[in-house]
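Dear colleague,

Please find the structure below, followed by a summary of what was found in it.

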Amino acid sequence: MDERVLGAGTSVRFAMLLFLLLAASGSMMLTVIIGLSDGDRAGCELAAGVDPDDSGFWGPAVSTTGQIHAFRYCESLWAPAPSWWQIAAWPALLAVSAALLFRFLPLWKARRCRVVPLEAADPDGELRPLLAELAATAGLSAMPRVVVDPAAGSTGAVVFGRTRRPVVCLDGGLLVTRHRDPVRFRTVLLHELAHIANRDITLTYATVAVWRVFLILVLLPYLLLQGYWVHEALEAGNVPSLDRKVLLAAFMVALVHLARSDTLRSREVYADLTALRWGADPHGWAGGGPPDDAGPLRRALAPILEQWRTHPRLGLRQGALSDPAPLFRAASLPFFLTGAAAVLAAVHLLFHFAPYYIASSGVYLAASLVPAALVAGVAGIALWRAVAYAVLTGARVPSGIAAGAWMGAGMTAGTLLTGMGAGSAWLPERPYVLLLPVAVGAAFAWWITQCAHLWARTWRGRTLRPALLLGLGAVFLALASWFVWWQLGGAAYAGGYSMRAEGVAQWLVGRFPTTAPVRELVGAPGLTTLLPVLDTFGGTPLVALAATVLWVVPLVAWAVGPGTGALRWTPAPAPVPAPVDPVPALRRVLLPGLLCGALACVALVAVQVYMHGGQPGPDARGGLYAVRYAGWTLLALAVPSALAATAAGVAAGRFGLIGCLVAAQTATLLGFAGTTALVSLDGCVEALSVFQDGCAWRPAWQVGLFPYVQLLNIASVVATLVAGAVAVGVAVVCRVRPPRSRVPRRPARPGGVPARAAVVRWRLVAGLLCTLAAGTSAIVGAVHLRVLSAVPDLTVTQRVTTQLAGVPDRPVPAGTRVRQVHAWYHLSGDGLVELATTYSIRLNAALRGVRKGDSWDSLDRRLRPVCADWGRAEVFEMIWFRVPDRSAQADWHALGAWAGQGSRRCLQGLDARDVPAVMEALRELDAAGRCAATANARIDTVLRAGGRAGTFRPPAKGITCNRLVQP
């Protein structure tokens, strides 16, 4: 079999390494720049109420995100983000330095080896015709430059430089053995020329250049900074702990070296096979190195040591010449490294895009696109090659589950090393969630192998590459959605993501307005656990499109095939063995989906009737009523999709996973089409009305109480999960209980015309389903375009975080409380306290200056500026943190409430010339001044008790703060 049937995939692996190094250079050097800057981000975290001894993720995240306005303001003062040129400088410097080193490497290599031109070692010109003949055999358009290393006694050769300007360096020992062993001489030269023909040189030496520059310009300063911090800890008398950043750097070094070594070993074997195809003697490598025989210890360590070598052992090379099966095997180590590299690259890129601030969904998606494309290329090509090899050799098609699980394990390792969802702890609060990437990786690989197997059996083109690109495109979209969801929702849930029942109830009332009391939502089962998780699915970009392509691409393959005759993409002389598991007919996977889609429509009508029976008044149709309707709608879509997946999974046999996906998504798509019609025509049938009372066409995506786009996203994800679970169950049952002997198929109808008509009909149905799926995905995509382009509203983010998660007020040691209050006061709180005190002094001075008989205009001129200035105190809690002390915070909150209310009433009373209203407003402003004084006194007490410099402005005796603000 031609080992190049779908490409080697090594170029994509090199591209992933290059991208990882470029992304890591920007992220790691930003860490160095921020570490060397004179910033106090830790002080801002203390002022926000973060416990420095809390190594978790969720508590500190709620403290900072719930006060994001104040946190960003504090950072802008005390720890400003690096400027744009610092963010862009290091990747650009790395790229330019690597380009210069890449140009210099051939000169340096030639000078180090002290090579001489071929003419100096071959004055008679005997080698020139032989080299020209070999170059012509290799199909090279021009003869490469040939030099000789006379000091090298080995019998090898090496090629370096660039693909367009290669240099072949022959060892002196190879020239000595030219006459004694001409077979080896020819074989070695053909091997090196194969590297040129396979375009190995540029990518190989580009990776070498980037790696060496990365070590000097990025890794060295990064480790020096870590060493400086360790030195500081030792000088302070502390025992430095193993830092995650040091371990991350070590893992990066090991990952890049292992991945590069594995890729180079593969390229060596590919060069051997290319040379063999050109006529090289398979025994020509027999004397090229030491024998593989070694002692027992070395044999035991050989599998581990082999992973670090850039050249494969002689036994492996010779074995690949007779059987190239290892080149088509999905090995575990490359998949593990691929998963880890993808997560590391995405996190490095995300930190590079947004070093401090909250990133939008568009930024998360942008940081996930390239890693997703590279993972799809590396893992997808490897699995497609394994499937193609099994199809052409008659072997059992691998499931890919083990390789995918290793890829998921790499994602988990990358998540742990980067600290996503774990904070400064080594494990997140819910470590069992880290098993989810392993399951997702296994599911992706399982889907890839089944999709590749289906396309390999049905595709009738001259090359399989178009089908490969279509399958990789689907995997790319799905992986991009997965990475975005994992960074936005999955890692946060692993880190302790949770919501208060009261917060969820208020959030639902905000989304589904209602006059019903909020307390009825608090006790609703599943709201605090199920709804937040489902909401993350509904808000993830591309999730509906990704779920769509995962079933549309296999459906297209089913509609294209199975066809008749031999496969045209196979090598001409290779006979194709008869398939062990033939491709099931298209109707066997579509019919369950169509029937269950009709069942889903019936269930949705039943839901409409049920909801109409408990329909409240027009003002109370939001809240729990709307939530129940959405939940029943989702259940009416999920149950029929599970039934369709079960029937199709049993009928699809070897293609159970994609059969379950096609059937489940078909049922969900038809059911959601029925939902769209029912909601759009709501009110036209009295017994089916839910939200409306009158008949009119109201598009479902414009009905405020019906989350159309979010529900479509969630329904597509639920259908995908249901199909995966059913496929696993069917596979386990079939493994435990072997299938019965197959019933012979019914004989074909005479003439075959009705059978062909049936095939055409089912293909037409598949085309209509694909069109409907594309239309729904377009609607969701149009909505998400606005979401992706939107900048996060920090006010909304702060309000929703505080509403859902509450205000963290965890007990901390007294010393930590003093540090928090000290940071709050000395970073900017003292200015606000001083400002409130100034307002109070000015108010008292204005009141003392009022004389009996003053005109109203004179009174207005005295009081209006003071009343207007007091209105600024209302936003003190917005522009700065809550006081990290419960008593002081209660007074500080009352200060803002009294000030805002009194300022508004004072200005309104002055405008209306209402003396009683102005007097009442002045009492409220006086209450605000009293609360400022008591808050100041409490802060002073805390700081003095901890030995810190306080405010030194105690209030007068008898002054208290009235915390009960009247509306």
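How many of the five residues of strand β2 (residues 145-149) are buried? Four of them are, and the strand is mostly covered; buried means under 20% relative accessible area (1.4 Å probe, protein chains only). Strands (E, at least two residues) and helices (H or I, at least four) are DSSP runs numbered from the N terminus.

This is a predicted model, in which local features need pLDDT of at least 70 and side-chain atom pairs count only at pLDDT 80 or more, while totals for chains, interfaces and linings use all residues. Residues are numbered from 1 along each chain as its sequence is written, and side-chain values use heavy atoms, without hydrogens and water.

Strand β2 pairs with strand β1 (residues 116-117) in the antiparallel sense over two bridges; pairing requires at least two DSSP bridges between the strands. Here Pro117 has Val147 in β2 as its bridge partner. Strand β4 (residues 166-171) runs parallel to β2 and is joined to it by five bridges, with Arg145 partnered by Val167 in β4.

The largest nonpolar core has 217 residues, of which Phe214 and Trp447 touch the most other members. Such a core is a set of buried Ala, Val, Leu, Ile, Met, Phe, Trp, Tyr and Cys residues joined through side-chain atoms within 4.5 Å. Helix α18 (residues 465-494) supplies the largest share of this core, 17 residues. Apart from it lies another core, of 51 residues, including Phe71 and Cys867.

Yours sincerely

Methods:
Buried means under 20% relative accessible area, exposed over 50%, partly exposed in between (1.4 Å probe, protein chains only).
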